[in-house]
Amino acid sequence: MKKVGNHKSISRIIALSLAFVMSISLNSFAQEAASAVAATTAPAAGGDAVQGKALFNANCAACHKLDAKMTGPALRGVTAKYDKAWIYKWVKNSSELIASGDADAVKVFNENNKSVMTAFPQLSNADIDNILAYTDTVIETPDKGDTIPGPDKGAEGGISNNLILGLLAGILAVLVAMLFMVNNVLNKIAKENGIEVAEKAKTLPIWKSFAKNQFLVLVSVIFLMLTSAYFVYGYLSQIGVDKDYAPIQPIHYSHKIHAGDNGIECKYCHSSARTSKTAGIPSLNVCMNCHKNISEFQGDKDSTYVEYTKEYYTGEIQKLYDAVGWDKTTQKYTGKTKPVKWVRIHNLPDFVYFNHSQHVTVAGIECQKCHGPVETFEIQKQFAPLTMGWCVNCHRETDVKVEGNDYYKKIHEELSKKYGVDKLTAAQMGGLECGKCHY
Amino acid sequence: MSSNKKYWKSVEELNENSSIVETLRNNEFVEEIPTNEFLGDAATLATSSTTRRDFLKYVGFTTAAASLAACEGPVHKTIPYVVQPEEIIPGVADYYATTIADGFDFANILVKTREGRPIKIENNKIAGANFHANARVHASVLSLYDNMRLKTSKIAGKDATWDQANAKIKASVADAKAKGGKVVLLTNTAASPSTDRLIAQFLASNPNAKHVTYDAVSSSEALDAFQMVYGERALADYDFSKANVIVSIGADFLGDWQGGGFDSGYAQGRIPQNGKMSRHFQFESNMTLSGAAADKRVPMTVANQKQALVQIYNVITGSSIGSAKDEAVMKAAQQLKAAGSKGVLVCGIDDKNAQLLVLAINRALSSEAFNTVNTRQIRKGNNADVKQLLADMKSGAVHTLIMNGVSPAYSLPNGKEFTDSLKKVKLSVAFAMKEDETAAISSIAVATPHYLESWGDVSIVKGSYALTQPTIRPLFDTVQFQDALLSWTGNTQTYYDYLRASWSGAKSWNQLVHDGVAVTEGVSASAGAGADFNGAASTLAKAAASKLELVLYTKTGLGDGQQANNPWLQEFPDPITRASWDNYLTISQADATTSGIENWNVANGGLNGSYVTLTVDGVKLEKVPVIIQPGQAKGTVGLALGYGRKAAMKEEMQVGVNAYTLYNNFSNVQNVSIAKEDGEHEFACVQLQRTLMGRGDIIKETSLDIFNTKEAGEWNLVPMVSLDHKEVPATSVDLWESFDRSVGHHFNLSIDLNACTGCGACVIACHAENNVPVVGKSEVRRSRDMHWLRIDRYYSAATTFEGDNKLKEGSEGLMDSVATLRGMETPSDNPQVAFQPVMCQHCNHAPCETVCPVAATSHSRQGQNHMAYNRCVGTRYCANNCPYKVRRFNWFLYNGNDEFDYHMNDDLGRMVLNPDVNVRSRGVMEKCSMCIQMTQKTILTAKREGREVKADEFETACSNACTSGAMVFGDVNNKEDKVTELSEDKRMYHLLEHIGTKPNVFYHVKVRN
């Protein structure tokens, strides 16, 4: 009997679904375990490391890091090197100390490119103690699982859904198996009882009767042709439309980290979007405004955006330094630059004129309207199709922002009277005329 | 039944034993097929390892590879700055004020740069910047990107660094000093105070050195005359806006006479205001721009001009030197005298006596237009010095010759002699932008930067100081002459530091750099020894006439020929003859007939003409094409300088003949004899029709009398059409429902035919702004020129256009009409001339829009007729339906076809393209867009600043370039715009009004005094 073989496959399905369910539950245990890891700190005497961290971030972080040299030296374990009283003096007014000819002070000053440290007379000795307590915290030795974040980061809601679905699938499979078995059993019973199962009467095969009906053939041919024409047209109109184009860039730049997690305003880097037709790819000196101080990736170990390793991200920052010619150990520009050849993502044809400032500054449209939720993009891609239909649709639907703009005052008054509407769309303002974008 | 007829193939067959018949019977082709040309190299073929099969494999592989590669979309790279300069925002243009001073053209300009590349020249309109850009200055930005420029210094033809070259020069100068040999600096007119100081320092430290100034086109006689009377070697300046009567004797002051730049002042007085306008008499031999603009033009030989000058001198000063009497001259002289201080006389005769008389006459008139205080510094060339230098070189007295900005080997009449005597000079150094005729034969050629890459200062007229600043980093390894001078005088400063340190005016240095100009105070006139004017007049009156005079002139396009490798200028049609890519002999119809010279049109519409050989003083110039020029004085012929260059020129640009070879004694008039030659020359002439045929609906003209006394309806006729069997004005009939254009902007362009001098600055500005391609001589000949803006030139068939109208109206009956109209096709011997700039008229009822099958051209609410290139499929219906013939078809991919080796097919030349305007492709119609990119930009700026558009803020490239005020652009819905007032003027009319297209470009009736 042919159907015997089915038993085997059914059992396989059941086994697989069970395994699936198990794996999900195992995962969820792993998650809990990870969150249970706590920071271990060894507070220095006479200081509160938690308050110290806040003070450090507010006052010192612009020039100092715990473990790496920036404008100023690395500060971890600084109490071991210098006497506390000396540190108080240094922090409160370092130039005075240097001027006094203190050997240590002069040495530190010379070691750090003779850059003068801001004086902090407002910090009390207790504050400095707190900061020092923070700088004395021992480096954590995190679990391996944390430094290599995997892509398997299921959310809690997802687990329960999967569980239910898996169970349902299992039940369904069992039911199907039962149906076959019942059928088999019934057939066997019928055979043993000598009851012949009625054979179906032979009729003309359906495809033959279809072929004989010429009308039906005609209709279906037309139907088929129209359908295929529809799909061919759809396919052809996709040519040159590069929606979701996400090329590999020479430097892995994550908008998610910059615009999303750190909340940097789009126009901080793409400043020319305000005044120019191009939004512009920021020049590398703009990157260095922040990256002079951020030389390594410092994403929190429990942050949700980590898809690559810390080392990977730090390596990408190093690529920036190579391009701009920045030596992070000496904190100096070497003068050897190597401009970055980015791959252009949004490519409008030459015959289209698009001006960012018109949309960004005048119309006040959010960048996300055309570029999508960039702050969630790990890899930047083209979000909108950038077809003419897409442009025109928006011009038809969007009201012109006339408030507070004297340019529109008179025109809007007269036009809205003419069309009998309160609000004018870009199309009604003449935003659909060919020559507005094609010249 | 078969026929016995025998068909003869040729007469040869009658000859029974003809070998030809036999050969033809055996051979399929009459001539042997040149298979040997490509299969002849049997040895190579035999040794080649590529078999037929391999070949097929290669072909198959490459085809497959090519088609596979085509499947993948192109990857565009974008490279931002590493450190972005503060003042550059990608996509936003920066403007820098600077000054051009190339020895021939001088102007205060603004340079538009995009991402650090200069892309367009505009006029500096700040107070004090009075010298505006002409067509050549507008085109000079393209010369910056000339790929034939000298890219590094050369010693004896081999690439060398500046340090190597400089060491040699210094050694040679020291050697000369030690041995007492002469060192000569031969330069063009720099008009640069700092350069003059540097040269003076050099001369001071080298007592054996001498400075010679050499202008390729000399004004030396005028300078000598001025020096004699006023003690300063300079030229008088003229402000024609202050003159009511202008008399010009052979001076094309609207062209390049004494440095040009007089047109804006002249045009001011030409627009009738309160019933008055200036009256302009022109006595000249060639037909010039000034002659075309004149109210009364009298063609005259130069000999007669001299007599006329003496005659006027007699009338004005009351002296009685014997001279020929001429009625027209007398009339002009009397009016000039009556005008008194409101009159002015200018003269272009290269004769010291003539120039002395000019000074005498203007002094006697105490002419307000005549300015001897703020003198022109832009021509300093000294003929005597140059001659002395040549003699010294010949005798071997010159040890070291250092040249800057000049090419005597090309521009001296005896270039060969110069070349020979240059060999006797121990060290010759040419500071040159190109490896031109002179740089190629000099011991050292030093590459110099273009003015857009240089620092400098210019004093165009006394009392004004202008600055030249670089607008781009030097493209090549170049050295400025001034930096070299500093090095030779032992100064370690850079020229920039020197320049900056030497500024001591009231303005701060930064302000000066920003403005580009400063007015310096305290200029006073100096007085010279005075002169014997009567003596000069009597000498002049004795001038003998010659049989045929050759009058050399400079063309609006090429000038003295410095920018001959500039395709924009080569393709720029001469305003008078409308021929591009050539120079030619202009001759009167009468002289042409006697010499058997002809012009004729061939089947494709091209203009052909005869060749002649010119002989001046035994020097022959062969194969000079001839154009018959209406208005050319009988007994004179004209020929333009600046053509016929060969060195450092692209092949296409090596056109014309070198007229400098006939420029003997630096005089623009030569005795010549002509002899007709065989062969015919093919001209690239863009306008074949020559007369207006009495069609008053194209150019409306009237006289000041009629304009002042009659109603507008009489001289500015509105054409009548028949509607419902009634005669109604054409302007009242509308075929279509008219769109309401009262809301928002409505752009109009006004063109005043009174103010237009035909200078062509707008044509080049349009080229630069709109990426108009250059198509080359043979395409222009096929009427495929791409100019979006053309300046039509019309002659009258009678002596005046008014006469044309009378002729036309006077003819009765079919036969008479046909005969009259035929006759009217030929221009008069001394016709009136009118210029009319024509671009897309942006009709409100545009005939082109209704015939486009794909709706690629459509109308905007703002009055512009749009052209969507990406939509165009190239049916050319629109061009056929356009009554103004302003649409241009892209027959070829001009930016990607090696056949068109002009700037668009050149990596360097492409840098001049305007990134805001599309570069059109093949098979697409294009036309004037009324600079929509500029109007849109103005609107956007206003929007961004949250304000209304200011009055007269809108500009187009042409209106911006027009300094005579002929073109005014603006928004007629803005009551404060100047164009609104102009659109309501009674002189306003539309081109071909009777066809009801309702254009947004309008013209103003030309009024002649």
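Residues are numbered from 1 along each chain as its sequence is written, with chains lettered from A and ligands numbered from 1 in the order of writing. Because the model is predicted, local features need pLDDT of at least 70 and side-chain atom pairs count only at pLDDT 80 or more, whereas totals for chains, interfaces and linings use all residues; side-chain values use heavy atoms, without hydrogens and water.

**View 1. Domains of chain A and chain B.** Domain bounds are taken from an automatic or database domain assignment. For chain B the assignment gives domain 1 (11-63), domain 2 (154-218 + 381-519), domain 3 (236-376), domain 4 (546-683) and domain 5 (701-1007). Chain A is split into domain 1 (49-136), domain 2 (205-239) and domain 3 (282-341). Over C-alpha atoms, the centres of domain 1 and domain 2 of chain A are 80 Å apart.

**View 2. Domain 2 of chain B against domain 3 of chain B.** The centres of these two domains, taken over C-alpha atoms, are separated by 36 Å. Five residues of domain 2 of chain B contact six residues of domain 3 of chain B (contact: heavy atoms within 4.5 Å). Between them the two domains bury about 330 Å², with 42% of it on carbon and sulfur atoms; buried area is the accessible area (1.4 Å probe) lost by two parts on being put together, summed over both. On the side of domain 2 of chain B that touches domain 3 of chain B there are two nonpolar, two polar and one charged residues. In this classification Ala, Val, Leu, Ile, Met, Phe, Trp, Tyr, Cys and Pro are nonpolar, Asp, Glu, Lys and Arg are charged, and the others, Gly among them, are polar. The rule finds two residue pairs in polar contact across this interface, both at pLDDT 80 or more. A polar contact is a pair of N or O atoms within 3.5 Å; within protein, one must be able to donate a hydrogen and the other to accept it, and residues adjacent in sequence count only if both atoms are side-chain atoms. The count of salt bridges between domain 2 and domain 3 of chain B is zero (salt bridge: a side-chain nitrogen of Lys or Arg within 4 Å of a carboxyl oxygen of Asp or Glu).

**View 3. Interface of chain B and chain A.** The contact involves 48 residues of chain B and 49 residues of chain A. The chains bury about 4000 Å² between them, 59% of it on carbon and sulfur atoms. Within chain B, Val82(B), Arg861(B) and Lys943(B) lose the most area to chain A, together 17% of what that side buries. Two salt bridges cross this interface. Asp916(B) and Lys277(A) form a salt bridge through their side chains, at 2.9 Å from N to O.

**View 4. Aromatic pair in chain A.** Over all chains the structure holds 43 aromatic pairs. Trp326(A) and Tyr333(A) form an edge-to-face pair, 4.8 Å centre to centre with 65° between the planes. Rings of Phe, Tyr and Trp (its six-membered ring) pair if their centres lie within 6.5 Å; planes under 30 degrees apart count as stacked, over 60 as edge-to-face and the rest as tilted. Trp326(A) is buried at 5% relative accessibility, while Tyr333(A) is partly exposed at 44% (buried: under 20% relative accessible area; exposed: over 50%; partly exposed: in between; 1.4 Å probe, protein chains only).
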